[in-house]
Amino acid sequence: MTRRPFTRHLVALLGATALATALPLTAQAHGPTRQKVTETVTIDAPAATVWARIRDFGALKDWHPAVADSPASQGNTVGSVRLVQLKGGGALTETLEGHDEAQRKYNYRLKDGSPLPVTNYTSTIRVTDSGGKAQVEWRGAFYRGYPNNGPPPDQNERAALRAITGVYQSGLANLKQLVEGK
């Protein structure tokens, strides 16, 4: 009888050791995790003025410096498809998922297979009033471009975050410059 409790204790101890040893391997062997980027800019102009500049889903070409053309198939109607032609080559296809004039915002989804190192990308751009100035918030959520473990450097989380942050920062900086005229 004295051996049974010892055996149970030994089995429990071995099981706990095996579990503790396996946990670090499990943590390292995960797939991609959802990433998020939010960039904001304050523009010295009324929110209505800034919204008028960006409200059209097809107007990305009018304010983003990397975009050559951005026609939207159905304007600001949910389901509209925007084909974004990049100045450096390449194209993105995006679908409008929501457009709210009263809240001065719209949200869209990027179809996979774009030149950006991301998948399952969704984004919202919004203009709010901040004491007589416009605050523009552009936020997105996405996964890295490489869906499996061990992504190459150009398809990992760092590359995805860098790419989306760069898109948002350059777009918002140019919008600010265009609206303020500085």
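Visitor: What's the relative accessible area of E101?
Guide: E101 comes out at 37%, which makes it partly exposed. That label covers everything between buried (under 20% relative accessible area) and exposed (over 50%), with a 1.4 Å probe and protein chains only. Before we go on, this is a predicted model: local features need pLDDT of at least 70, side-chain atom pairs count only at pLDDT 80 or more, and totals for chains, interfaces and linings use all residues. Numbering starts from 1 along each chain as its sequence is written, and side-chain values use heavy atoms, with hydrogens and water left out.

Visitor: OK. Which side chain does E101 meet in a salt bridge?
Guide: That of R55, at 2.6 Å from N to O. A salt bridge here is a side-chain nitrogen of Lys or Arg within 4 Å of a carboxyl oxygen of Asp or Glu. R55 is partly exposed too, at 29% relative accessibility.

Visitor: Where do R55 and E101 sit in the chain?
Guide: R55 is in the loop between α2 and α3, while E101 is in the loop between β4 and β5, so the pair links parts of the chain 46 residues apart. The element names come from DSSP runs, numbered from the N terminus: helices are H or I with at least four residues, strands are E with at least two.

Visitor: How many salt bridges turn up in the whole structure?
Guide: The search finds 7. Among them is R144 with E157, at 3.0 Å from N to O.

Visitor: Are R144 and E157 buried or exposed?
Guide: R144 is buried at 3% relative accessible area, and E157 is buried as well, at 17%. Compare E137 and R139, which pair at 3.3 Å, N to O. There, E137 counts as partly exposed at 26%, and R139 likewise at 35%.

Visitor: Let's zoom out. What's the order of elements along the chain?
Guide: It reads α-β-α-α-β-β-β-β-β-β-α, with 4 helices and 7 strands in the protein chain. Of its 182 residues, 31% count as buried. For contacts (heavy atoms within 4.5 Å) with a separation of 6 or more, 51% are between residues 24 or more positions apart.

Visitor: And the largest nonpolar core, which residues touch the most other members?
Guide: I43, V50, I54, Y121, V127, V136 and W138, out of 31 residues in that core. The core is a set of buried Ala, Val, Leu, Ile, Met, Phe, Trp, Tyr and Cys residues joined through side-chain atoms within 4.5 Å. Its largest share, 5 residues, comes from α4.

Visitor: What is V127 in contact with, leaving aside neighbours within four places in sequence?
Guide: A47, V50, W51, I54, Q103, R104, A134, Q135 and V136.

Visitor: What's the phi of R104?
Guide: It's positive, about 50°, although R104 is not a glycine. Most residues other than glycine have a negative phi. R104 is in the loop between β4 and β5 and counts as partly exposed at 25%. N120 also has a positive phi, near 50°, but its place is in strand β6.

Visitor: Which lining residues are closest to the centre of the largest pocket?
Guide: H64, L86, L92, L116 and V167, out of 17. Two or more lining residues each come from β3 (81-86), β4 (91-100) and α4 (157-180), and α4 gives the largest share, 4 residues.

Visitor: How do the residues of that lining divide by type?
Guide: Into 13 nonpolar, 2 polar and 2 charged. Nonpolar takes in Ala, Val, Leu, Ile, Met, Phe, Trp, Tyr, Cys and Pro; charged is Asp, Glu, Lys and Arg; the others, Gly among them, are polar.

Conventions:
1 Å grid on protein atoms, 1.4 Å probe; cavity = no way out; pocket = protein on both sides within 12 Å on 5 of 7 lines; lining within 4 Å.
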